[in-house]
Amino acid sequence: MSFDFLCQIALVGASGVGKTSLINRYVDDVFNLNYRTTIGVDFKTKDIEINGKSIRLQIWDTAGQERYRISISSFSIYKKVEAFIIVFDLTKENTLKEVNNYLVEINQNCPPDVLIVLAGNKCDLENQFENLEEKIKEISNEKEFKLFKTSAKDGTNVNELFYYIAKTLKEKN
Ligand code: GDP
Ligand code: MG
C-alpha cells in the first residue's frame, strides 16, 4: 500500500512501563498480561488517514535502557526518528527519573525540532502517585510537553496519543 506521509516514532522509557503493550494495543488492539521482555529494537506499522491523506506510522519499540545498558543513541533508528514517546508508569514514581534521562539523551543526539510527547501509562490502576504535573515540570526544566495519561489495558487515550503525533508531524511537513 502506498502512503503520503511516513511518521517514524519511537517509544522509550523504563523497563516494564508498558511500551510494548501500548504498541500492541494501538496496532493490533490486543493486551497481554504476561510479561514479555523486548530485546533490542523492533517496529510495527499502522496506516491511518488524516484529512484525506494516508499516513504510515512506523513505530519503534525499544528495550528498557537501564536493563540492558544500551543507549538509544547507539541504535541507527535514533537519527530517523521524528517523534519520541517517553513512557512512564503512573503508579511508579521512580520511572519519572528515566524520563529525565531520555530527555537529556534526546537533547544531545537529536535535532532540536524532534517531537517529544510524554505518556503516563497504566491509568487504569488506582495507586497513582501525586503531584504528577509539578514533578514533570521539575524534570523537564519547566519546558512544556504534551502529556497523555494512557492505559494499554483498557485502551484509554492510546489512539489519541498516536493520532496527536501523526497530526503534528504531518502539519510540520
Ligand atoms: P515494556 O517493558 O515497557 O515494554 O512494558 P510491557 O509492555 O512489557 O508491560 C509490562 C507489564 O505491565 C506487563 O505485565 C503488562 O501487561 C503491564 N501493563 C502494560 N500496560 C499496562 C496498562 O496500561 N495497565 C496495566 N494495568 N498494566 C499494564
Ligand atoms: Mg517491551
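Mentor: In this predicted model, Leu96, Val99, Asn100 and Leu103 of helix α4 meet Lys135, Ile136 and Ile139 of helix α5, where contact means heavy atoms within 4.5 Å. By class, this contact of α4 with α5 has five nonpolar, one polar and one charged residues; Ala, Val, Leu, Ile, Met, Phe, Trp, Tyr, Cys and Pro count as nonpolar, Asp, Glu, Lys and Arg as charged, and the others, including Gly, as polar. Helix α4 spans residues 95–109 and helix α5 residues 132–139; helices are DSSP runs of H or I with at least four residues, numbered from the N terminus.

Two packed helices are described by the angle between their axes and the distance between the axes. For α4 and α5 the angle is about 30°, and the axes are 10 Å apart. Each axis is a line fitted to C-alpha atoms over the stretch in contact, and angles run from 0 to 180 degrees between N-to-C directions. The crossing of α4 and α5 is right-handed, that is, the near helix is turned clockwise from the far one by less than a right angle.

Elsewhere, ligand 1 has 20 residues around it, of which Gly16, Lys19, Ser21, Asp124 and Ala152 come nearest; a residue is near if one of its heavy atoms lies within 4 Å. Helix α1 (residues 19–28) gives the most to this shell, with three residues. By class, the shell has seven nonpolar, eight polar and five charged residues.

Residues are numbered from 1 along each chain as its sequence is written, while chains are lettered from A and ligands numbered from 1 in the order in which they are written. Local features need pLDDT of at least 70, side-chain atom pairs count only at pLDDT 80 or more, and totals for chains, interfaces and linings use all residues, with side-chain values using heavy atoms and leaving out hydrogens and water.

Technical notes:
Helices (H or I, at least four residues) and strands (E, at least two) are DSSP runs, numbered from the N terminus.
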